[in-house]
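This report describes the architecture of a protein chain, from its overall dimensions to selected residues.

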Amino acid sequence: MRKDAMQPIHTLDDFFTRSGADVALYHMGRRVTPCSRDTLAAFESGNAPWPEPWQGHARLAAVFRLGDMPEPAIWFLSLPLDEQGYLSPAQRDAFLQRLLETLGHNASQAANSHDSPIEHLMQDDPLAFTPDMTFQAVLNARATQDASLPPSQYLAAVEAFIDGRHTEWETLGVQGIADYAMRMEDARQSQLAGVLQQLPTPMLQMLCHCLEHRRLAPVLVGELCQRGETAAATGDVETFCACIRAVGSSDDAQAGAWYATLLADEAACGPDTLAAIAGRGWPLLEDGKRLPLFLNRLAQDSRTGFGAVVRDLALIPRLRLPVITLLRDAPEGSRLRDRLLELTGAL
């Protein structure tokens, strides 16, 4: 038995360390992106808030293998946050207690089990959640790529369609599209940009929902902005918002300029547009002009969930101070100030 296996386990990070797990962590809240062990350790120790909160929780996927497990186990954990975005530890502690009881208080036992109880631990646990189909597909695409494993068998058909060698887009599934989106190098991004305007709308929407989890090349960002404008002109709100979401993780100037244009246009800023920006394009709100525009548009539309959106944005560490400052300094008589007064004590 390793010496460190005898050390107490107080956190999830402790468990992965003591058990010798080969683990990869991923954010699963606002988007599917890698999460470092250092991020989890700092969060669990109370030294840092969760960087990508979603609806008051830190959503995390842990893909790990112990000992001779034939396939990795996956935990989908939704950890409650306090009002400042730090861990509320009670449910995490209860989960660890259940884990230790399951393993007989010895994490190293898991590595020697052919039918590890760890694989069944998440059943009916309060921390467990089930990601939607797209999130699961993107996670699978990212995790296999990160582990230098081949993509799914469905990727070839998507590549053939983009190349013009296959015309039956209805047979393309979300896993193949997720593999394509996650594995695109620059040449593939340029190729996709060249055919983006001709893609069938349902396929484009599926593709956008995968692209929103990664940064994109400028040429592809530009085409997505253009396709979004075309959708808006024809009243296709779903495709319009899918394009808004798709460019939200990209720091290209075109994406920021498009967001600024949309926020300056009252007719373009319905609840769906604002939800797409807040949910997937929040990095582009880290801007001295776009954030005030967004908050004012949010306040002006009575159909938006103003309080819920503001609370959620204020939990994002990089946005918390700017959001609170703008709310605090809202002019007397402004709609933003009025909406804030309705939420007295909420932040």
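What percentage of the 347 residues in the protein chain is made up of buried residues?

## Overall dimensions and burial

The model is predicted. Buried residues account for 50% of the 347 residues in the protein chain. The accessible surface of the chain comes to about 15800 Å², and carbon and sulfur atoms contribute 51% of that area.

The radius of gyration of the protein chain is 22 Å, which agrees with the value near 20 Å that a compact globule of 347 residues would have. Along the principal axes, the C-alpha atoms fill a box of roughly 65 × 60 × 30 Å. Of the contacts in the chain with a separation of 6 or more, 66% are between residues 24 or more positions apart.

## Secondary structure and the sheet

The chain comprises 16 helices and four strands. An open sheet of four strands is present, with antiparallel pairing and the order β2-β1-β3-β4. Its edge strands, each pairing on one side only, are β2 (32–35) and β4 (73–80). From one strand to the next, the twist averages 30 degrees.

Strand β3 (residues 57–65) runs antiparallel to β4, and eight bridges join the two. Within this pairing, Leu-60 has Leu-77 in β4 as its bridge partner. Helix α4 (residues 133–146) packs on the sheet and touches β1 (22–28), β2, β3 and β4. The direction of α4 makes about 40 degrees with that of β2. Although β4 is an edge strand, β4 is mostly covered, with seven of its eight residues buried.

Which residues of helix α8 (residues 201–211) are buried? They are Met-203, Leu-204, Gln-205, Leu-207, Cys-208, Cys-210 and Leu-211.

In α5, the buried residues are Leu-155, Val-158, Ala-160, Phe-161 and Ile-162. The cover over them includes α6, α7 and α8. After α5 comes Gly-164, which has a positive phi, near 85 degrees.

Gln-205 lies in helix α8 and has a relative accessible area of 12%, so it counts as buried. Leaving out residues up to four places away in sequence, Gln-205 touches Asp-236, Glu-238, Thr-239 and Ala-242.

Gly-228 lies in helix α9. With a relative accessible area of 0%, Gly-228 is buried. Apart from neighbours within four places in sequence, Gly-228 is in contact with Phe-240, Cys-243 and Trp-258. The C-alpha atoms of Gly-228 and Arg-142 are separated by 26 Å, the two residues being 86 apart along the chain.

## Cysteines

How many disulfides are counted? The count comes to zero. A disulfide would require the two sulfur atoms to be within 2.5 Å.

Are these two residues buried or exposed? Cys-210 has 0% relative accessibility and therefore counts as buried. Cys-243 also counts as buried because its relative accessibility is 0%. Cys-208 and Cys-210 are among the buried residues of α8, while Cys-243 is one of the contacts of Gly-228.

Conventions:
Residues are numbered from 1 along each chain as its sequence is written. This is a predicted model: local features need pLDDT of at least 70, side-chain atom pairs count only at pLDDT 80 or more; totals for chains, interfaces and linings use all residues. Side-chain values use heavy atoms; hydrogens and water are left out. Two strands pair if DSSP finds at least two bridges between them. Axes are lines fitted to C-alpha atoms, for helices over the stretch in contact, and angles run from 0 to 180 degrees between N-to-C directions. Contact means heavy atoms within 4.5 Å. The radius of gyration is taken over C-alpha atoms; the globule rule is 2.2 Å times the number of residues to the power 0.38. Buried means under 20% relative accessible area, exposed over 50%, partly exposed in between (1.4 Å probe, protein chains only). Accessible areas come from the Shrake-Rupley method with a 1.4 Å probe; for residues, only the protein chains shown count as cover.
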